[in-house]
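Here are some notes for your first look at this model. Keep the structure open beside them and find each residue as you read.

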Amino acid sequence: MKTTVPFQLFEIKDQGYHIAIDVEVNGIVVRMIVDTGASKTVFDLDWARQQAAITVERNEELSTGLGTNSMESFHFTAASIQLGELGLQALEVLAIDLSHVNDTYEQLDLPTIAGVLGSDLLSEYKAVIDYGTATLTLHF
């Protein structure tokens, strides 16, 4: 089976483009960035802490990425994540401070994000990004 999810491609002020998709997390539709260079799917720590149905716990080990190897990270279990017709249940995901990304988006008058869809899910579901049709296809 496969599902095709539309995405929005937007320019980051002469610095390239980002792909944003709408994802349903625990019944809430949120905006996420598709990032093939991100090893893991992560959510913004502030966003996760604001969700009543989410209990965020600190990771014992520091994470790497975003230009550092000493990033404090957290995790939580998302009861459900819906990507088009692909439904994931009880998925363990990471939460990190993405305030620098959201601060930049706000300065550019762009909507903030709840997280980043990373290569862990993109590779598992054999993602195909089609810029011509502005769609992300996942196979399951």
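1. Leaving aside neighbours within four places in sequence, which residues is Leu-9 in contact with? Contact here means heavy atoms within 4.5 Å. The partners of Leu-9 are Tyr-17, His-18, Ile-19 and Tyr-131. Leu-9 itself sits in strand E2. Helices (H or I, at least four residues) and strands (E, at least two) are DSSP runs, numbered from the N terminus.

2. A word on the source. This is a predicted model, where local features need pLDDT of at least 70, side-chain atom pairs count only at pLDDT 80 or more, and totals for chains, interfaces and linings use all residues. Residues are numbered from 1 along each chain as its sequence is written, and side-chain values use heavy atoms, with hydrogens and water left out.

3. Together with Tyr-17 and Tyr-131, Leu-9 forms a nonpolar patch on the surface. The three share about 360 Å² of accessible area. Such areas come from the Shrake-Rupley method with a 1.4 Å probe, and for residues only the protein chains shown count as cover. Patch members have over 30% relative accessible area and no salt bridge; like charges are joined within 9 Å, and nonpolar side chains (Val, Leu, Ile, Met, Phe, Trp, Tyr) within 5 Å.

4. Tyr-131 reaches 52%, so it counts as exposed. The cut-offs are these: buried is under 20% relative accessible area, exposed is over 50%, and partly exposed lies in between (1.4 Å probe, protein chains only). Tyr-131 belongs to the loop between strand E12 (128–130) and strand E13 (135–139).

5. Now turn to helix H2, residues 99–107. Its buried residues are Val-101, Asn-102 and Tyr-105. They lie on the same side of H2, because they cover an arc of only 95° around the axis. That arc is taken from the directions from the helix axis to the C-beta atoms. An α-helix has 3.6 residues a turn, so residues three or four places apart point the same way.

6. What covers the buried residues of H2? The cover includes strand E2 (8–11), strand E3 (17–25), strand E4 (28–34) and strand E5 (42–44). Just after H2, look at Asp-109: it takes a positive phi of about 60°.

7. Asp-14 has phi near 60°, and it is a residue other than glycine. Its place is the loop between E2 and E3. At 74% relative accessibility, Asp-14 is exposed. Ala-90 is not a glycine either, yet its phi is positive, at about 50°. Ala-90 sits in strand E10 (residues 86–96). At 56%, Ala-90 is exposed.

8. How many salt bridges does a search of the whole structure find? There is one. The side chains of Glu-72 and Arg-58 meet in it, at 1.7 Å from N to O. Glu-72 is in the loop between E8 and E9 and Arg-58 is in strand E6 (residues 57–58), so the pair ties together parts that are 14 residues apart in sequence. A salt bridge needs a side-chain nitrogen of Lys or Arg within 4 Å of a carboxyl oxygen of Asp or Glu. Glu-72 is partly exposed at 42%, and Arg-58 is partly exposed at 48%.

9. Look around Arg-58. Not counting residues up to four places away in sequence, it touches Glu-72, Ser-73, Phe-74 and His-75. Arg-58 and Gln-8 are 50 residues apart in sequence and 32 Å apart in space, C-alpha to C-alpha.

10. Ser-73 lies in the loop between strand E8 (68–71) and strand E9 (74–83). Is Ser-73 buried or exposed? Ser-73 is buried, because its relative accessible area is 1%. Its side chain makes a polar contact of 2.9 Å with the side chain of Asn-59. A polar contact is a pair of N or O atoms within 3.5 Å; within protein, one must be able to donate a hydrogen and the other to accept it, and residues adjacent in sequence count only if both atoms are side-chain atoms.

11. Last, see the loop between helix H1 (45–50) and E6, where Gln-51 is found. Gln-51 is buried, with a relative accessible area of 14%. A polar atom of its side chain lies 3.1 Å from the backbone oxygen of Trp-47. Ala-53 is in the loop between H1 and E6 too, but Ala-53 is exposed at 64%.
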